[in-house]
Structure formats: C-alpha cells, structure tokens
Amino acid sequence: MTQNQTLAILDAGHSVFLTGPAGSGKTYVLNQFIKNARIDGKSVAVTASTGLAATHLGGSTIHSWSGIGIADELHKKAAKDLTKSRQDQILKADILIIDEVSMLHDFRLDMVEWMCRVVRENDEPFGGLQVVLSGDLYQLPPVNRNDAKQGGFVTSSKSWEELDPVICYLEEQHRQDEDMLLDILTALRENDVRRKHAEALLSRKQVRTPFDEPTTELYTTNADVDAINNSKLEAMPGEVHEYEMSSTGRAGAVESLKKSCLAPETLKLKQGAFVMFVKNSLEKKYVNGTLGEVIGFDEETDYPIVKTKAGREIIVTPDSWEMRDGEKKVAGLSQLPLRLAWAITIHKSQGMTLDAAHIDLSKAFVPGMGYVALSRVRSLNTLSLGGLNRTALMMHEEAHELDEQLRKKSRSDQKKHAHLEEKFVKKMKKQPAKQKKANAWNEKVAKMRETYPNAYKKWGGLEDKTLLTMWGEGSSIKALSKRLGRHEGSIKARLKKHFGDHIDFNQK
C-alpha cells in the first residue's frame, strides 16, 4: 500500500494498523495524518509504547496517557481512581495513536482499551476512538521478564480482534538502495537467510566505508557506548565547551522525558568532536541521525559550528522536546539537538537514518536486534561490521507467521477502500483557509529565520542565562540580537518579562 492510500484511509476515520519494513515511511505518514487531523479540528492523543519512541512524535507513553501505568492488571475501580485531568484527556480525544506497538504486550493493549471504554462510557472498541496502531512486528518484540506477567504481540489481544483495524502495509522503500543490503533485509523478513547473505555481511567485517572517518558505531549495551564516547572526547586536545539542558513542567514528567530524550543533560564538546543531530530541523537543515564534525564555536554565542557529511556548515542553536498528555503539555526540555556520535546503542538508533555505520552484533541478545541495526544504513557499502552472532540473524518466529497474514489483509483492504484516495486528493487540493494561512505563516517564519535563526522558537534556559549575563554586562540590544539569533523586538519583550515594563532600553 502507498503512503497516499494510507493517508486517505486514515482521513476517512478508519482505525488502522500501520506497518511495513524499516524505511517505508511509517513515521512520515503518522506526522502527516496528525497534522491533517489537527487542521480539521480533531483532538489527537499521540502516544508510543516507549518514552524514546514518544519523543520522535512529541507525545507521551501510552501507559501514562491511559493511566494504566506499569501495572500488569487493573482493578475494577481503576477508571474511577484516575485524576479528573486524565479522565478529561481520554474523554476529549477523537483519535488515539500508539506508535511502536511491536514492543507493547497484548494484555496491556486490552488494559488501555478497557480504560478508554469505561471512562468514555461507550461500549464500542476503545470507547469509540479512532485508533491508529503503528509499528513493525519484525523489530524489537515485547520483553517478558521472569517475575512479571507474560504476553505476546498486540495481534493476540481481545481488543485487536474487536477493533478489527484496516491493515495498511507500506511496501515502498525510502531508505535502502537497490543493493545486497536490501536483499539481506528482505531475506530476514521472509525467513530465507542464505549463505550468500551471511557471506555478504561477513565481507564487511572491519572494512572501511567510503566515507571519511569517523563513522558511528552501534553496540548492544550502554556501557560500551558510554566508554567509547567518553574516551574519544577525553583523548582529543582543546577546550571543553559545556551546554546544560533546561526543563519545565512536572518533576516526574520531566525526568521521564529526560530518559527518553537522545540529547544529554550535559553536552560536552570540543573542536573536532564527531556528533549526531538527534532531531529533525523544521528548516530541513538536518534530520535525526545526520552526522557531522564540530569545526569551531561561534564567537558571539559560543554555540558549536557543525559541518555535516554533506558539507553544510550549521551554527547549532537550542531546540525543544515536549511530553504531552493528550493535547496538554506536561513537560518540556531545551538543549542543543546534538550528542556525541562515535557510538550509540542499537535501541536508541531506532527511527534514524545513518550516512554510515560500524555495527557490532557479536553480543546481539534478542531476535530483531540485527534487523534494526542493519536497517539504519542505506547501503552495504556504507556499513562495516565488528562482529556477528547467530541471534543477530534471527527474527521473532511469530512475526514470520503474522507477516503473510498482514500482507494478505492489506491487499484486500487496499481494494476495499480504493475509492477513498480520489476523495482525499480532492480534499488536499482544496485546503481550508486556515491551512493556507498556516502555510503562509510558516513561509514567513522560514524567511525570518534566514536572518534570525531562532525567531519564534521557545526560549531555553541556556539562552536566558546568556541574555541576562550579557545585559548585565552592558551589551546592547543589537549585540544581543546578533548573539541569540532573535529579532530586536523579541529581545526587548524577553527583557520586559524578566525586569518589567519599566526597563529603560536607552541606558545601553
């Protein structure tokens, strides 16, 4: 199924399971659907099975949004025990999105469904919500601990059966080139890994990629990653530049968001450091996973200047991350959207597209881990292999059984709903006035950011500290504008927020 056909089905209000291989564009489709739904005035609850996945979409965990927490079972009065604000979030939602459902246990989806139905006092599945489940069952499966309730994929749940979602199986490839790597990934999904595939991978063992060093290294454990990044930075000459994360919101929500955010609380950099962008740029200067080198630091702001692999030089300014409970913001972070990139865990690489990577799969310990790691790069020529074990070439056995069923139903659903695409295309051509107004505003902001890179961005703690320090030292409004990348009017407004309307700007 194509992305446009999927968007048409979603736009028509159907509950959907959005799936497909890594690189098929699932996150892109979700973001487009969320944007279109909100333009239509619908309330969209954006959630995911893990905090890390939730940050990619600017949402919260499904456990938090629904109020099920980490419990394995719910008591009869669980819905009544929810706070009024959480009940209101569930009541006001029109659409519930749950991303990365491959890692969500079947019994927990049933718990979410029960909570929605009881709170909304509606006996339809999920209380009548349009539900969008997204994920790839070939990637990391639900984790069963010995001391906890055992569970399987969401497809085994009672709520899946009752919801009976339309299956939208994306089959277009937007990441891998047509080379042996795509053949290997396809073979893993089809349970048809042959000697030629293993030999092709082993031929990349310790092979240098055509990219200049350094290259990001993917490992299975945090201990390996932290040791490599810290030792690499310490071994470099030069001054250390530190950038502290700032936060707003409820303490518990802030801590949860910090654990999920790929940007570190304290970012330490030196000239020459190898870095990775960990967020998509609204101005499309970089994407989550873009690699580069710190080539210097801006004299005015001390922000790092990063030269990407593509040769683009970018003064990196703070960005923000949010956690939402439905439509309500409960936590926010501000930090430079960078992390050291000599090494990263395979788990944290999910959702990224890497220019090149060195991957060590010698300690792969769960089926699907090798698939997630190998699918981060575009081509076998941009991959070097540190090690490989049998588990790295294994996929979850049940996923193989489910995949053909999902493909078959997707083809059937595509034919059944084919008439919706034409209607959707016509709707998009006749965008409502508010959409045109939004587009015009975005264009205006983009134009302004050519001169003032941080125009209309939220102020972060790092920026406020710089603002107050420079103002106290006697810097002019013009100097502050240049250093912070903001319009002079914005600088004045921010100073008024701190010092009140009586502030005298002529004193400088």
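Phe17 and Trp160 are both buried. The model described here is predicted. A pair of aromatic rings is described by the distance of the centres and the angle of the planes. The ring centres of Phe17 and Trp160 lie 5.2 Å apart, and the planes meet at 75°, so the pair is edge-to-face. Phe17 belongs to strand S1 (residues 16-19). Trp160 belongs to helix H7 (residues 158-163). The pair therefore ties together parts that are 143 residues apart in sequence.

The count of aromatic pairs comes to 2. Trp471 and Phe505 also form an edge-to-face pair. Here the distance is 6.2 Å centre to centre, with 70° between the planes. Trp471 lies in helix H16 (residues 461-472), whereas Phe505 lies in the segment after helix H18 (488-499), so this pair ties together parts that are 34 residues apart in sequence. Trp471 has a relative accessibility of 6%. Trp471 counts as buried because that value is under the 20% cut-off.

Charged side chains also sit over aromatic rings. The ring of Phe505 has the charged end of Lys492 over it, 5.6 Å from the ring centre. Arg486 lies over the face of Trp459. In that case the distance to the ring centre is 4.2 Å.

Nonpolar cores were examined next. In soluble globular proteins, nonpolar side chains tend to be buried together. The largest nonpolar core of this model holds 107 residues. Trp65, Leu96, Phe126, Leu269 and Leu374 touch the most other members. Helix H6 (residues 106-120) gives the most to this core, contributing 7 residues. A second, separate core has 23 residues. Leu18, Val132, Val166 and Leu420 are among them.

Leu269 was followed in more detail. Neighbours within four places in sequence are left aside. The remaining contacts of Leu269 include Leu233, Val240, Val275, Val294 and Leu338. Phe297, Tyr243 and Pro304 are also in contact with Leu269.

Strands of a sheet pair through backbone hydrogen bonds, either parallel or antiparallel. Strand S11 (residues 274-277) pairs with S17 over 3 bridges in the antiparallel sense. Met276 has Arg339 in S17 as its bridge partner.

Methods:
Residues are numbered from 1 along each chain as its sequence is written. This is a predicted model: local features need pLDDT of at least 70, side-chain atom pairs count only at pLDDT 80 or more; totals for chains, interfaces and linings use all residues. Side-chain values use heavy atoms; hydrogens and water are left out. A nonpolar core is a set of buried Ala, Val, Leu, Ile, Met, Phe, Trp, Tyr and Cys residues joined through side-chain atoms within 4.5 Å. Buried means under 20% relative accessible area, exposed over 50%, partly exposed in between (1.4 Å probe, protein chains only). Helices (H or I, at least four residues) and strands (E, at least two) are DSSP runs, numbered from the N terminus. Contact means heavy atoms within 4.5 Å. Rings of Phe, Tyr and Trp (its six-membered ring) pair if their centres lie within 6.5 Å; planes under 30 degrees apart count as stacked, over 60 as edge-to-face and the rest as tilted. A charge sits over a ring if NZ of Lys or CZ of Arg is within 6 Å of the ring centre and within 35 degrees of the ring normal. Two strands pair if DSSP finds at least two bridges between them.
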